[in-house]
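This report goes through selected features of one structure, taken topic by topic. Please keep the sequence and the 3D view open while reading.

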Amino acid sequence: MNLQEIIKDAQEKKIAIGHFNFSNLEGLWAIFNAARELNVPVIAGVSEGERDFVGVQEAMMLVKSLRERFSYPIFLNADHTYSVERVEEVVRAGYDAVIFDGAKLPFAENIQKTKEAVERAKSINPDILVEGEFGYIGTSSKILKEVPEGVALGEEDMTSPTQAEQFVRETGIDLFAPSVGNIHGIIVAESFVERLNISRIEEIRKAVSVPLVLHGGSGLPDSDFQNAIRAGIACVHINTELRAAFTKGIKEAFNKNPDEIAPYKYMKEGRDAMQEVAKKRLKLFNFLP
Ligand SMILES: [Zn+2]
């Protein structure tokens with residue numbers, strides 16, 4: 001099955017494909033090993049910053065080498081991409097999917113730019129999946145002390161089913177990322193608990209024809225994830241939790257052995273910690289025991 005079929009299949013089974021970001025080879029192994037232990041398909045993602053660090057082409061070659069050597073359904077997505085030029089770059093590099101992120105733009109301009117990104121991408125590779133976003137949920141993959149300015153928290157600010165329908169129809173996107181109470185990053189502010197609006201997900205699911213993607217998953221309670229997936233989310237993005245685990249693993253390695261200088265020894269601790277988190281999330285998203 002190709003990525004589109006895998007996501008549609010997940011939607012029908014009411015499970016979700018995990019999307020995990022990486023910024024080095026250790027991170028990619030963590031994602032791949034976690035998925036392989038559970039035998040579930042997985043999407044590895046690289047933001048603009050992450051893929052500049054790994055190498056735009058090299059990220060694709062690494063994922064492809066795993067896919068081909070192990071005959072395994074692992075795919076590569078160009079996460080949050082802010083210009084049509086950068087969309088074109090990843091399509092030419094052979095990525096399986098790309099997200100054009102116009103969420104900060106006014107509605108009409110977001111539609112117009114996303115449509116342009118879809119047309120440009122499909123003219124190079126008709127099979128690439130293009131994801132669009134409407135509804136602002138912040139842009140950070142950090143641990144934050146407060147909710148970022150402009151993030152839709154009130155029901156009236158979240159993506160409306162009517163606008164979602166119009167957005168999907170006019171842009172021609174393959175996947176849609178709404179704002180339904182989700183926030184990029186982990187918020188640790190006192191008396192703030194990130195929660196999803198499950199009925200809004202159900203309404204958007206009924207209104208649009210394409211699979212729905214949940215961004216900003218880090219920090220949500222387990223029950224919210226599963227309720228969101230039952231309501232129609234077919235792919236869930238996790239990044240911040242993985243970064244935190246990776247970094248904690250390496251810090252602990254140096255606590256245990258401050259004189260260690262072999263990167264493969266201390267990086268292993270980061271990889272293993274990241275792998276545990278990815279595995280826990282994949283179990284949850286695939287409703288595995
Ligand atoms: Zn995201």
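Predicted model: local features only at pLDDT ≥ 70, side-chain atom pairs only at ≥ 80, totals over all residues.

Asn227 is part of helix α9. Along the chain, Asn227 and Asn197 are 30 residues apart, and their C-alpha atoms are separated by 9.7 Å.

Glu202 belongs to helix α8, which covers residues 198-207. Its relative accessibility is 37%, so Glu202 counts as partly exposed. From Glu202 to Glu26 the separation is 176 residues in sequence and 37 Å in space, taken C-alpha to C-alpha.

## Packing of α9 against α11

Two packed helices are described by the angle between their axes and the distance between the axes. Helix α9 (residues 222-231) packs with helix α11 (residues 263-285) at an angle of about 45°, and the two axes are 9 Å apart. That angle makes α9 oblique to α11.

On the α9 side, the contact is made by Asp222, Phe225, Gln226 and Ile229. Helix α11 contributes Arg281, Leu284 and Phe285. Sorted by class, the contact of α9 with α11 contains four nonpolar residues, one polar residue and two charged residues.

## Aromatic pairs

How many aromatic pairs does a search of the whole structure find? The search finds ten. One of them joins Trp29 and Phe32, whose ring centres are 6.0 Å apart. The planes of these two rings stand at 65°, so the pair is edge-to-face; the cut-off for that class is over 60 degrees.

Trp29 and Phe32 are three residues apart in helix α2 (residues 25-38), which means that about one helical turn separates them. Trp29 has 27% relative accessibility and so counts as partly exposed, whereas Phe32, at 0%, counts as buried. A further pair is formed by Phe254 and Tyr266, with ring centres 4.6 Å apart and planes at 40°, so this pair is tilted. Phe254 lies in helix α10 (residues 240-256) and Tyr266 in helix α11, so the pair ties together parts that are twelve residues apart in sequence. Phe254 counts as partly exposed because its relative accessibility is 30%. Tyr266 has 19% relative accessibility and counts as buried, because buried means under 20%.

Trp29 and Phe32 also belong to one aromatic cluster together with Phe70 and Tyr72.

## The zinc site

Which residues coordinate the zinc ion? The ion is coordinated by His80 through NE2, His184 through NE2 and His215 through ND1, at 2.0 to 2.1 Å. The spacing of these donor residues in sequence is H-x103-H-x30-H.

His80 is located in strand β3 (residues 74-81), and His184 in the loop between β7 (175-178) and β8 (186-187), so this pair ties together parts that are 104 residues apart in sequence. Both His80 and His184 are buried.

Note on methods
Residues numbered from 1 in each chain as written. Heavy atoms only, no water. Axes fitted to C-alpha atoms, helices over the stretch in contact; angles between N-to-C directions. Helix = DSSP H or I, 4+ residues; strand = E, 2+ residues; numbered from the N terminus. Parallel < 35°, antiparallel > 145°, perpendicular 65-115°, else oblique. Contact = heavy atoms within 4.5 Å. Nonpolar A, V, L, I, M, F, W, Y, C, P; charged D, E, K, R; others polar. Phe/Tyr/Trp six-rings, centres within 6.5 Å; stacked < 30°, edge-to-face > 60°. Buried < 20%, exposed > 50% of the residue type's maximum accessible area, 1.4 Å probe, protein only. Donors = N, O, S within 2.8 Å, 3.2 Å for Na, K, Ca; no water.
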